[in-house]
Each structure stands twice: as C-alpha cells, then as structure tokens.
Amino acid sequence: MPPKAAPAVVEPTSAVQTLWNAYKDHTTDRLKFIDAFLVFLMLSGIVQFAYCVLVTTFPYNAFLSGFSSTVGQFVLTASLRSQVNPENKNEFKDVSPERAFADFTIGSIVLHFFVFNFLG
Amino acid sequence: MLSFYTFALFFLSLAGLLHAKSSDGDSVLVVVEEAQQKEFTLFFDGLREQGYELTFRGPKDEKPAVVEHDVPAFSHIIILASESKNFAKDITPQALVALLSGGSNLLIALSQKQTPMTSLAAEFSLILPPPNTPLVSFFPERKDSPSVIPIAAPASSLILSPKMSPIWFSGVAHALGSNPLLVPILNAPAESFAADSEGGADALVDATEKGGEGLWAGSQLSVVTGFQAVGGARVAWVGGTDMFSDKFMKKEVSKGVQSGNAKFARDLTAWTFQESLVLRIDSTTHHLVNSTTPLEQYTNNDNIVYTAGISRFNPKTSTWEPYSGIKDMQLEFTMLDPHIRTALPAVPGSPGKYSVTFRAPDRHGVFKFVINYKRKGWTHLHSSTTVAVVPPRHDGYPRFLSAAWPYYAGAISTSVGFFIFSAAWLAGGSRENKKGKAKAQ
C-alpha cells in the first residue's frame with residue numbers, strides 16, 4: 001500500500017499542489033525572492049541556449065558570455081541562498097548573512113566584468 | 001676624366017639601344033670557316049638589313065674574344081661551323097652554356113658528324129640519330145638527291161609567319177626529349193627517315209626486319225628546334241647549315257615559286273635573337289578595394305585588387321608597347337600552396353593592364369602574389385610579391401551584430417537583474433527585520 005501523499009485532515013490533493021503549498025507556507029520571503037531571481041536566470045539561459053541551437057551560434061563568443069553569465073549568476077545566487085537559509089545555520093556557523101551577501105556581490109561583479117569583456 | 005668617359009659610354013650604349021632591332025642588343029658573332037662565308041651571303045645581308053652588326057670568326061681563331069673582362073662581348077652567337085671538331089677555348093660547350101645562363105642567344109647548326117655540338121645538343125634534350133645518317137625522303141618526286149627535302153611550313157605557328165613556301169632542308173633530324181623548355185619549330189615530313197645517304201631505302205628494309213626498331217622516321221622528328229633557357233635566353237638548333245645557304249634560298253620549290261628559306265631564316269633569327277614573342281612585366285601593384293596605396297599586410301577576407309602591367313617588344317620600332325593580348329594568364333595567392341588561383345584578365349580600355357579582385361583567404365600567414373606564365377615560344381613571365389595576411393586586430397572584428405542581440409540582451413538583463421536584486425536585498429533588509437520583530441512580538 002503506497003504511503004498517503006497528503007495528511008488525511010485536508011482535502012486530498014496532488015503531490016505537486018501539496019509541495020507548492022508547503023513551499024508557500026514555510027519559506028521566508030527572502031528565499032522566495034531569491035528563488036524568483038533563480039527562475040528568471042534559468043529562463044534566460046534556456047532562451048539563449050534555444051536560440052543558439054535553433055538559429056545561430058555565429059558570434060560564438062557572445063553566446064558563451066551571455067549563456068555563462070546566466071549560469072554563473074545562477075550558481076552564485078544558489079550559493080547565497082544556501083548560506084542565508086536559516087535551516088542551514090549549523091552548516092555555515094562562521095558565515096553571517098551579511099558576509100554571504102558581500103561574497104555574492106564581489107563574485108557577481110567579477111563575473112560581469114569578464115562577461116562584458118568577452119561579449120564582443 | 002674617367003667619369004666623362006663612363007658618361008660618354010653610357011650615352012653611346014643608350015643610343016645603341018635605340019637603334020637595336022632586338023630586345024637584347026644587336027651585336028652578333030658568327031662562327032664560320034672563312035672558306036664557307038661566301039655560301040651564306042644572303043643570310044648575312046638579311047641580318048645586316050635588320051640592323052645587326054656581324055663579326056666573323058673562324059672556329060679555331062682566338063679573336064675576337066667571346067667574353068671580355070667577364071662580360072659577354074656579343075648579344076648573339078651563330079655557329080655555322082657545324083663540321084668543325086675543334087673549337088677555340090671560349091666556344092666549348094661549357095662556355096656556351098655559361099653564355100646562355102648569362103643571357104646570350106645562340107643559333108647552332110648541327111651536322112651528321114660527331115662534333116662537340118652534337119654532344120651539347122644531348123644536354124638540351126635533343127636526341128640525335130647515329131652519326132652519318134642524314135634525313136632522307138623520296139617524296140615528293142623530284143630531281144634532287146633524296147637528302148635534299150622540301151619541308152612544308154606548319155599551318156599555324158607562333159614563330160613562323162603564315163603562308164610560307166616550303167623550306168629546303170638538308171641535314172640531320174632529331175627526336176625531342178621531354179624537356180618542357182623545348183619549342184618545336186619545324187618538324188620533319190611524315191615520309192622522311194634517317195638513313196645512310198648512300199644506303200637509301202636499305203635502312204627501311206633493315207628496320208622492317210627488326211619490326212621498326214631503331215628507325216628514325218616520321219613527323220615526330222624535328223629539324224629545327226628552339227630552346228628557351230630559364231633566364232630567358234634562346235637557343236635555336238638547326239639540323240644543317242644548308243638551309244641558310246644562298247643555294248637553298250634561291251632554289252625554286254616548284255616552277256616560279258621561290259623557296260621559303262629566306263623568310264624562314266628571318267623568322268627563326270627574329271625569335272632566337274629575342275625580337276618576336278618577347279614579353280616583360282613592367283609593374284605589379286596591389287591594394288585594397290576602394291584604396292590605391294599598397295599595404296605591407298592585409299587582413300583575412302580583405303578584398304584585394306592586384307594589377308600587373310605587361311609589355312611586348314615591338315621590333316619595328318624597337319620599343320616596348322603595352323600588350324593586352326594574353327588571354328590565359330593566372331594569378332596565384334600562395335602560402336606554400338596556392339590558396340587562390342584565379343584568372344588575371346586584361347582590363348578592357350587600358351592597354352597592357354591586367355587586373356583581378358579577389359578575397360584574401362581566411363588564413364593568416366606570409367603569402368605571395370605569383371604570376372607564373374610559361375608558354376612555349378613566349379618569354380616566360382614570373383613575378384612574386386610577398387605580403388603578410390594577418391588576423392583582425394582585437395578591435396577589428398565586427399561588433400554589435402544583429403544576430404547576437406539575444407546574447408547581448410541575456411547578459412545585460414542578468415546584470416540589471418543582479419543590480420535590482422542587490423538593491424532590493426539591501427532595501428529589504430530593514431523591512432525583513434521589522435517583519436521579524438513584528439512576528440516575534
């Protein structure tokens with residue numbers, strides 16, 4: 001017998017619905033804000049990759065810098081998210097949220113410097 | 001005083017050039033036995049009429065010297081002493097080859113006998129039949145000896161003038177090796193063959209028994225052959241001296257028709273002494289399209305214009321005249337191999353100018369513009385100009401391409417997004433704290 005996806009008290013809903021509700025209820029606004037930014041970066045990367053595959057790779061350096069800017073920014077933002085997440089407090093005892101944000105900013109500025117240098 | 005003399009010499013030589021008929025000078029040394037000089041008076045008079053200065057010398061005489069102070073004293077040398085087995089020190093085969101490399105032109109008559117000239121002929125890829133086997137033909141039927149043969153002039157020839165009467169010939173024929181510098185001028189008739197002058201048709205019988213082996217026959221044999229050395233000097237090999245003799249020049253081919261020998265001698269010497277079919281490259285330039293100054297280096301994919309000016313020597317006026325008649329010249333843009341090989345056509349309306357526009361290859365390296373025009377009979381044209389082809393400079397690439405806008409937009413939006421995110425994060429810090437405090441309360 002499969003385990004029940006949702007508690008019996010609430011109306012029976014799909015697993016996705018439950019996940020979404022849980023995320024809405026239990027995630028802080030900060031993390032939601034970060035997640036929105038991550039989704040934006042992911043969509044931007046997907047659009048560029050699709051353009052590269054379907055239309056042209058011609059200024060290849062432009063593709064590389066455009067795509068890697070989204071990927072790099074995604075990675076930096078994801079790191080920020082894991083460091084400021086209150087649930088990971090034990091993991092990052094020495095890193096305060098302010099320190100994490102400063103790291104994120106420096107990393108991003110360096111990334112954008114390289115991206116625009118390479119964009120052509 | 002010395003400088004005055006050199007000046008005088010300079011102007012004298014200039015004046016000499018103005019009157020020269022040949023593009024190569026007009027002094028001719030004729031090496032001939034003194035006793036035989038009278039046999040060729042018509043030939044020599046014809047040369048004098050053309051403006052050549054003839055100097056005579058026996059094959060064993062020491063003077064006048066062929067080379068004085070390491071400079072050739074004559075522009076052209078005619079060797080009619082074909083029977084001579086011994087030559088003076090400065091007319092040996094080695095000396096003649098050295099002269100040829102230095103730019104002197106030679107006209108050499110061969111004979112049936114083994115002489116230094118027959119061994120020299122082998123060096124020029126002429127293959128001579130065994131000694132004492134002159135060319136013999138029994139056609140057309142005639143009263144003369146079978147070894148005196150009328151040879152019809154070729155229907156179309158660059159060197160010989162058209163509609164020439166048949167040419168009387170007596171002497172040896174030769175087969176041609178595979179040397180590309182050879183220029184066949186007059187071939188033996190199809191019915192002719194090489195045989196003992198007395199034996200006649202016996203040679204044919206012998207050869208038939210051997211299945212044709214060892215028979216020198218047919219129109220593949222040549223009786224007069226030119227050779228143009230790499231340096232541009234020309235040599236004419238003639239199978240026998242008789243074709244230049246007064247006797248053959250006056251001899252009628254048929255009733256009332258003068259033989260073509262005089263005209264043939266004229267055309268042959270005109271070619272050999274570099275009067276006819278002489279070309280030169282006057283100038284070559286290259287530049288970008290929409291520009292006129294030549295660059296030392298070009299960039300990948302540049303559109304380059306290459307122009308060459310070519311002149312042909314006109315013996316009538318002794319001047320170089322622009323010549324647009326070359327139809328099959330090519331330009332190569334080479335780096336070891338030709339990366340581009342394209343036609344180099346004449347520009348209509350501007351005589352002597354040949355021009356082509358082409359796109360430089362998408363390779364960088366040291367390239368050469370090469371014209372390498374080698375046609376039988378004509379002077380070889382060769383020109384090579386080295387230029388560098390470099391990749392674009394870092395700021396030489398095209399920028400802000402329309403195809404790249406999605407990538408630009410992606411990069412810019414990421415940066416803008418980062419900026420807004422950071423601003424909102426910093427601004428939201430206090431609000432979050434208040435919220436947290438509110439929640440705590």
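The contact between the two chains takes 28 residues from chain A and 20 residues from chain B, where two residues are in contact if their C-beta atoms, placed from the backbone, lie within 7 Å. On the side of chain A that touches chain B, at least two residues each are supplied by α2 (29–54), α3 (60–84) and α4 (97–118) of chain A. The most residues on that side, 10, come from α2(A). Helices (H or I, at least four residues) and strands (E, at least two) are DSSP runs, numbered from the N terminus. The model is predicted, with local features requiring pLDDT of at least 70 and side-chain atom pairs counting only at pLDDT 80 or more, while totals for chains, interfaces and linings use all residues. Residues are numbered from 1 along each chain as its sequence is written, and chains are lettered from A and ligands numbered from 1 in the order in which they are written.

Chain B contains 8 helices and 26 strands. Its C-alpha atoms fill a box of roughly 140 × 75 × 40 Å along the principal axes. An automatic or database domain assignment divides chain B into domain 1 (16–272), domain 2 (279–390) and domain 3 (402–440). The centres of domain 1 and domain 3 of chain B, taken over C-alpha atoms, are separated by 97 Å.

In chain B, 7 strands form an open sheet of mixed pairing, in the order β2-β1-β5-β6-β15-β14-β12. Two strands pair if DSSP finds at least two bridges between them. The edge strands, each pairing on one side only, are β2 (53–57) and β12 (182–187) of chain B. Within chain B, strand β5 (residues 76–79) and strand β6 (residues 105–109) pair in the parallel sense over 4 bridges, and Ile77(B) stands opposite Leu106(B) in β6(B). Helix α7 (residues 261–272) of chain B lies across β6, β12, β14 (222–228) and β15 (234–238) of chain B and runs at about 150° to β15(B). Axes are lines fitted to C-alpha atoms, for helices over the stretch in contact, and angles run from 0 to 180 degrees between N-to-C directions.
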